[in-house]
Amino acid sequence: MTDRRRFLSQLGAGGLALGSTVFGGFQPLLAHRSHVTLTRLLSNAQTGRWELIHAIHYHDAATALRRLAPGSGLVPTTPDGQARLMFEIEQHIRWSGANGVIQPVAVGAELAGDSVLFYQECFPATPETRVQIESRFLHREFSDQVNHFNIEINDPPRLLRLNATNPSAEFIA
């Protein structure tokens with residue numbers, strides 16, 4: 001083998017090794033690695049109601065549906081899949097205030113980018129009262145699940161971080 005052929009052969013083998021190391025090494029970095037939801041609590045001045053928007057990464061929503069209803073074929077883009085996830089939201093996120101339970105009502109759902117958004121609304125708590133949130137949403141499905149609640153009814157907004165070891169928090173309405 002000539003020196004030029006040997007050089008090109010080694011360069012090709014080295015390039016292949018480097019390419020598999022570099023690109024193979026980036027795969028975990030490009031993958032969706034955490035299980036996080038974001039709930040935004042907003043006040044609608046026109047209706048006088050609170051609006052809640054729950055954002056769930058599409059992959060997490062699809063995986064959760066497979067774990068919640070094995071073999072059912074539910075997916076986050078269908079009404080049945082969205083209804084099943086909304087049921088989980090209603091069952092595992094509890095809101096309460098000075099006058100008792102705050103019961104959000106489902107309004108709808110949609111796919112937005114790489115997330116599925118779920119919408120709810122409810123009557124607000126009395127101003128200046130403590131509101132308790134307890135969230136165990138998707139904690140059975142994902143051991144590392146974190147649920148963020150961005151409370152945007154106050155200025156400045158407040159972000160609450162809930163997980164399996166710390167599933168509840170409160171804020172002032």
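**Figure 1. The cavity of the predicted model.** By the grid rule applied here, one cavity of 30 Å³ or more is counted. A cavity is a set of points, on a 1 Å grid over the protein atoms alone, where a 1.4 Å probe fits but cannot get out; grid points are joined across faces, edges and corners, and the volume is the space filled by probe spheres set on them. The largest cavity holds about 70 Å³. In this predicted model, local features need pLDDT of at least 70 and side-chain atom pairs pLDDT 80 or more, whereas totals for chains, interfaces and linings use all residues. Residues are numbered from 1 along each chain as its sequence is written, and side-chain values use heavy atoms, without hydrogens and water.

**Figure 2. Lining of the largest cavity.** Lining residues, which have an atom within 4 Å of a point, include Ile89, Glu90, Trp95 and Gln120. S3 gives the largest share, three residues.

**Figure 3. The open six-stranded sheet.** The strand order is S5-S6-S2-S1-S8-S9, with mixed pairing (at least two DSSP bridges between two strands). Strand S5 (105-112) and strand S9 (158-163) form the edges, each pairing on one side only. Strand S1 (residues 36-44) and strand S8 (residues 146-151) run parallel and are joined by six bridges; Val36 stands opposite Val146 in S8.

**Figure 4. Helices across the sheet.** Helix H2 (residues 58-68) lies across S1, S2, S5 and S6, at about 85° to S2 (contact: heavy atoms within 4.5 Å; axes: lines fitted to C-alpha atoms, for helices over the stretch in contact, with angles from 0 to 180 degrees between N-to-C directions). H3 lies across S2, S5 and S6, at about 55° to S6.

Conventions
1 Å grid on protein atoms, 1.4 Å probe; cavity = no way out; pocket = protein on both sides within 12 Å on 5 of 7 lines; lining within 4 Å. Helix = DSSP H or I, 4+ residues; strand = E, 2+ residues; numbered from the N terminus.
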